[in-house]
Amino acid sequence: MPMISKLMSCRILAVALTCLGSAQTAVAELRVFACEPEWGALVLELVPDALVTSATHAGQDPHHIEARPSLIAAMRRADLAVCTGASLEAGWLPTLQSRASNPAVHDGRPGMFFASEHTTLIDADPSADRSKGDVHPEGNPHFHLDPGRLLEVARALGARIGEIRPAAAAAVQERLKGFEAQWNARVDRWREDAAPLRGRRVVVQHTAFAYLLGFLSMEASADLEPLPGLPPTVAHLQSVLESIGEQAPVAILQTTYQRPQPGEWLAQRSGLPLLRVPSTVTEAPETDTLAELYDSIIAQLLRVAQR
Ligand SMILES: [Zn+2]
């Protein structure tokens, strides 16, 4: 396969489309199991010819997936697993790890990289009780949508890959430097472009975009979930509808993996636009890298805010 098409196929992050083949480069055959597509995309920024399998795609809720045999097989082959941690994958990752019986990716080994161990999380609540919803006691794990935290993870991931593949460490550091420079330039532009969003509000569903809203100095005025992780109820939606007048949000913001119905219910009754955006990289060309994902979400927020 020519190099260019191989690289393109490597970008495809669905599990069924694991990139196969071997490129003669410094990091030959680095097989990576990414729990979520954002980490697969980050690995490819640092090691473009890594063989990445993502356990989930943008249309799936990363809190809840099934430990399918294809995922167990992918984990069995992995040299490195890159996951969010902070209990996001608590319902399925331990099962995959134990069924795959691949010691390289057991907790505590260099091959098991938890992004949450390399940054700080907001909204930690150690006393949080899972009976009160699918809460995140360690803090909000959806931090890949914070540009600063993403960079912290990128640096730690670069170091970890260098540990696993010492021969490639210098090349990975070189790519990290380039990624960092481009990312910082984008961050400056996002701040500038998103100035009209400062202080604006959105109705959200779950805390999936909390970090991005924080970066943009936006606020969540209400949550369609009555409790974290619990599906919206009509009674709760009714109370959100009643609160909208004073809040004046610019939109109802959902991720593409959430059922549209609660957002549609509220949009019909409130007249607010319903904005459904992917919360992670997708296979679509306009959102298939982390930078483009941020570009796309910010552009869509600006569009609804300017109505
Ligand atoms: Zn969550």
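Analyst: **Pocket lining and surroundings**

The lining of the largest pocket is made of five nonpolar, six polar and four charged residues. Here Ala, Val, Leu, Ile, Met, Phe, Trp, Tyr, Cys and Pro are nonpolar, Asp, Glu, Lys and Arg charged, and the others, Gly among them, polar. The model is predicted: local features need pLDDT of at least 70, side-chain atom pairs need 80 or more, and totals for chains, interfaces and linings use all residues. Numbering starts from 1 along each chain as its sequence is written, and side-chain values use heavy atoms, without hydrogens or water.

The volume of this largest pocket is about 270 Å³. Its lining has 15 residues, and Asp61, Gln205, Glu225, Gly229 and Gln258 are the closest to the pocket centre. (On a 1 Å grid over protein atoms alone, a pocket is an open set of points with protein on both sides within 12 Å along at least five of seven lines; a cavity is a set where a 1.4 Å probe fits but cannot get out; lining residues have an atom within 4 Å of a point.) Domain 1 (3-187) and domain 2 (195-305) both supply lining residues, so the largest pocket lies between them.

The structure has four cavities of 30 Å³ or more. The largest cavity has a volume of about 130 Å³. Among its 17 lining residues, Glu38, Pro62, His144, Ser279 and Thr280 are the closest to its centre. The lining of this cavity splits into seven nonpolar, eight polar and two charged residues. The largest cavity also takes lining residues from domain 1 and domain 2, so it lies between them.

(Two strands pair if DSSP finds at least two bridges between them.) Strand β3 (80-83) runs parallel to β4, joined by three bridges. Valine 82 stands opposite phenylalanine 113 in β4. (Angles run from 0 to 180 degrees between N-to-C directions.)

Another open sheet has four strands in the order β6-β5-β7-β8, and its pairing is parallel. At its edges are β6 (219-223) and β8 (274-277), each with a single partner strand, so one side of each has no neighbour in the sheet. Its twist averages 35° from one strand to the next. Strands β5 (201-204) and β7 (251-255) pair in parallel over three bridges. Valine 204 has leucine 253 in β7 as its bridge partner. Helix α9 (261-270) lies across β5, β7 and β8, running at about 170° to β7.

Notes
Points joined across faces, edges and corners; volume = space filled by probe spheres on them. Domains from an automatic or database assignment. Helix = DSSP H or I, 4+ residues; strand = E, 2+ residues; numbered from the N terminus. Contact = heavy atoms within 4.5 Å.
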